[in-house]
Structures are given as C-alpha cells and as structure tokens.
Amino acid sequence: MTRSICIIILLIITHKTANSQCCASSGNPIGSTVNIGLLDKHIFRIAAFYRFSSYDEYYIGDKKYSGNIGSVEKAIFNYVGLLSAYGISDRITLELETGYFINKTHFYKINDQKLTGYGLADAVISVRPRIYHNPDKQFEISCTFGSNIPFSRDLQQVNGVTLPIDLQPSTVSFGLVFQSNIIKENSFRSSSFLLLTRIEKYFETKQGYTFGNSYSNSLFFSKFFFVENQFLQGWTSVLQIRNQIRGQNSWSDNPIKATGNCSFFFIPQISLSLPHKWNFSMLVDVPVYQYFNEIQLAKKISYAISINKDFIL
Amino acid sequence: MNKKIVLFALCVFIFLGCNKNENDNDPERDSYLTHFESLKAEQDTLKRGESTVIKAVAIGKNIKYSWTASEGPILGEGPEVKYVTSPCCYGNITITCIASGGNESVTKSLIIYVLL
C-alpha cells in the first residue's frame with residue numbers, strides 16, 4: 001500500500017503543473033495544491049520537479065484554426081517546482097508547494113518579437129485529512145483543502161512593459177482548492193486505481209481580473225514491477241486519463257469570451273524506485289481532445305520529470 | 001600557484017565591483033521630466049490580428065516610459081511601442097503610458113477600439 005501510494009504521489013505531483021498553462025487563451029498558470037498523498041506520522045517528504053510545455057496551434061471550438069487573428073506563433077514555459085509534506089499524524093498531512101517559472105514566453109509573428117515572464121509562481125498551503133480507510137479492502141478516501149497565496153499582487157513589468165496576464169508568473173490572486181482522492185489498491189497484483197477530483201476557485205485580482213474556476217477529474221492505473229539490483233528496486237507503469245474544464249475568465253465582472261475550455265489528456269508515466277527511498281519519475285501529456293470557446297491557443301505537448309525522497313523526523 | 005592567481009583575481013573583481021560609485025553613471029540622477037506632450041496611436045481602430053504603433057512624446061532628459069494595456073500584449077520599449085491584438089480581446093482597449101524623470105511622473109491614456 002505504502003509503495004504504490006508513494007508512486008502515485010509522483011505522478012500527481014507532475015500532474016499538478018499540468019494546470020500551469022501559459023497562453024492567453026488557455027489561461028494563466030493556476031497554482032494548485034500538490035498531491036503528495038497521506039504520509040505516515042513524522043514522515044517528511046520533499047519533491048522537486050521540472051515541466052516543459054509548448055503551444056503552437058490555435059483552435060476554434062475543437063477544430064484547428066488557420067486564420068490570421070492569432071498573433072502568437074508559439075508559446076512555451078519552463079517551470080520548476082518544490083513540494084514538501086509532513087505527516088502530523090497518520091490521518092493528517094500538511095502540504096506546501098511553490099514553484100518558479102524559468103521562463104514563460106510568447107513568440108509573436110510580428111518582427112519575430114517575444115515577451116517573457118519569469119519568477120516565483122504561487123504558494124499553496126493545504127491540509128489533507130483521511131476521510132475513510134479500510135486496510136482489509138485496501139481502500140482509502142482522503143481530501144485536500146488548500147489556499148493559493150500569490151507571491152505578488154502586482155503585475156510583472158519587463159523593460160517598462162506590463163506583461164499580459166498570461167505571461168505573469170503568478171496568478172496574483174488568492175484562491176481555494178478542494179480535492180478528493182479515492183484509492184483502491186491490489187497488493188497481490190501490485191496495482192492500484194486512483195480517482196482524483198479537483199476544484200479550483202480563484203478570487204479577483206486587485207487589477208479586476210478573475211480566472212475561471214477549474215474542474216478536473218483524473219483516473220490513474222498503476223502497476224508495480226519488482227526488480228532487485230543495486231541500482232533499482234522496482235519500477236511502475238502509470239496510465240492516466242485526465243479531463244479538465246476551465247470556466248471563462250472575467251475582467252471587471254465581464255466574461256472574456258475567448259477563454260475557458262474542455263480538454264482530455266492521455267498521460268503515460270514511468271516511475272523508478274531507487275535505493276535509499278529515492279523515486280524518479282517522468283511523464284508526457286498528450287492532448288486527446290481539446291475544445292475552446294472562440295479562438296484560443298492549444299497545448300501541443302508537455303513533459304515533466306520529478307524526484308522525491310522521504311525522511312523520518 | 002594557480003589557485004592564488006584565481007583568488008587574487010576574484011578579490012580584485014569583488015573590490016572593483018564594490019568600489020564602483022553607482023551614481024557615476026546613474027541615469028536616475030541626471031533625469032528630469034518637463035512635460036508629457038502627447039500619446040498617440042497610428043490607428044485607433046483595429047481588427048483582430050492587426051497591430052499599431054503607439055508613440056509617447058515627452059520633454060526632459062533620460063525619461064523612463066512604462067506601458068500597460070488593459071488586455072493584450074505591448075511589444076517594444078521606450079517612447080515607441082507596438083500594441084498587438086489578441087483573439088481574446090476586443091472592444092475598447094486602454095493603453096496607459098507613464099513617463100517618469102527625476103521625481104516627476106505623468107500618466108496619459110488612450111483607447112484603441114478592436115473590432116470583433
């Protein structure tokens with residue numbers, strides 16, 4: 001049970017930043033809580049991850065748009081995150097996450113110009129209580145309540161120009177996160193299922209901008225393969241299907257029509273269990289279906305790597 | 001021997017870095033703003049996918065310009081920039097420019113209308 005939860009941890013960590021989007025139409029990075037799973041009492045877990053995402057095609061509805069309205073040729077972001085969690089008791093885990101955008105860049109069609117935002121994203125502090133646990137059936141339900149705290153409430157300026165909201169490293173807004181986690185394990189088969197439902201609500205920024213609410217569902221299946229040598233203790237194959245619905249953003253209470261979307265992703269992942277309780281994981285986000293209100297920039301691909309380690313305090 | 005040379009070079013570098021009087025070439029010290037004359041866009045109505053040049057004219061020395069668009073990106077820097085429309089943004093877009101020099105700063109705004 002512990003091992004597979006630990007492995008699922010990694011994939012959800014990296015899944016988290018999938019919410020960090022970079023492009024106008026797709027919305028701003030949404031700081032969101034990390035899902036490190038419930039920890040045993042006095043266990044401290046730290047994880048670091050890196051994510052790259054790329055966007056280069058406009059969509060209108062669920063079709064590719066080939067007109068000339070879009071001004072962005074390509075958009076990318078490089079993000080590093082740091083997550084930590086501590087098991088206060090066997091039933092409650094405290095979590096803290098923060099991250100840094102190395103760059104968040106739009107390449108424009110005009111004169112090959114670009115704009116780049118960078119800097120600290122948001123911090124998310126959350127508490128994860130266990131709701132239900134049945135060791136015999138290897139079934140567990142937990143939930144997460146968290147709050148998003150921006151490192152800045154002012155918009156970032158670069159070379160005297162205020163960056164568009166999509167290039168801001170921080171959401172510059174406070175927010176709330178709720179998440180439920182339902183885990184069913186089968187230790188005999190070394191496999192597990194996880195259903196994760198998440199709701200994110202963001203409040204108006206001091207500039208009058210409000211990000212739409214985000215609702216997502218992720219279904220994970222993981223299978224652990226035992227290996228015994230000095231370099232590797234085992235590896236896990238994980239398949240994830242994720243649906244995300246983002247509401248429309250608004251500006252001074254007026255909805256911005258070309259925001260909001262519904263997306264489905266297929267996310268394969270491999271996690272390696274290394275000696276001394278180290279875990280290394282890598283994944284790729286593959287968009288399967290994307291629907292956008294009006295014309296928006298769509299995600300092309302995204303990949304992430306992460307590493308974590310547990311300590312007993 | 002090599003370590004000593006590297007250490008010496010590092011000390012010299014740090015010393016020179018610390019010793020530099022930041023005010024020697026500080027444009028802030030020699031900056032003033034007399035008058036923010038005008039803020040104009042080449043086109044005040046655009047279709048989505050288009051862009052326009054916006055010019056600020058201010059009188060003074062070493063003036064800094066700070067630009068903000070209510071929605072969408074501004075490219076460039078200094079007294080002349082380019083506003084680029086975005087698919088998401090249409091209607092009235094407010095462009096704000098703050099010209100600063102010395103202790104003075106003046107703000108001017110204009111509106112660009114982006115057609116749906």
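**Notebook: a look through chains A and B**

I started with chain B, which reads α-β-β-β-β-β-β-β-β along its sequence. That makes 1 helix and 8 strands; helices (H or I, at least four residues) and strands (E, at least two) are DSSP runs, numbered from the N terminus.

A note to myself on the source: this is a predicted model, where local features need pLDDT of at least 70 and side-chain atom pairs count only at pLDDT 80 or more, while totals for chains, interfaces and linings use all residues. Residues are numbered from 1 along each chain as its sequence is written, and chains are lettered from A and ligands numbered from 1 in the order in which they are written.

**Chain B, overall.** I looked up burial next. Buried residues are 29% of the 116 residues in chain B (buried: 20 or more other C-beta atoms within 10 Å of its own; exposed: 12 or fewer; partly exposed: in between; C-beta atoms placed from the backbone). I also checked contacts (C-beta atoms, placed from the backbone, within 7 Å). Of those in chain B between residues at least 6 apart in sequence, 60% join residues at least 24 apart.

**A sheet in chain B.** I found an open sheet of 4 strands in chain B, in the order β1-β3-β6-β5 with antiparallel pairing. β1 (32–41) and β5 (74–77) of chain B are at the edges with a single partner strand each, so one side of each has no neighbour in the sheet. On average, neighbouring strands here are turned by 20° against each other, direction ignored (axes are lines fitted to C-alpha atoms, for helices over the stretch in contact, and angles run from 0 to 180 degrees between N-to-C directions). β1(B) pairs antiparallel with β3 (residues 51–61) of chain B over 8 bridges; to count as paired, two strands need at least two DSSP bridges between them. One bridge sets B:Lys40 against B:Lys55 in β3(B).

**Where the chains touch.** I get 25 residues from chain A and 21 residues from chain B in the contact. On the chain A side, β4 (92–108), β9 (161–162) and β18 (278–312) supply at least two residues each. β18(A) gives the most, with 3 residues.

**Strand β11 of chain A.**

I then followed the neighbours of β11(A). Strand β10 (residues 175–186) of chain A runs antiparallel to β11(A), joined by 12 bridges, and A:Phe178 stands opposite A:Ile199. The two strands form a hairpin with 4 residues between them, and A:Ser190 in the turn has a positive phi of about 55°. Strand β13 (residues 214–226) of chain A is also antiparallel to β11(A), with 10 bridges; there A:Phe220 is the bridge partner of A:Leu194.

**A:Leu195.** Why is A:Leu195 partly exposed? It counts that way because 14 other C-beta atoms lie within 10 Å. Its C-alpha atom is 5.9 Å from that of A:Asn181, 14 residues apart along the chain. Neighbours within four places in sequence aside, A:Leu195 is in contact with A:Ile182 and A:Leu219.

Key:
Contact = placed C-beta atoms within 7 Å.
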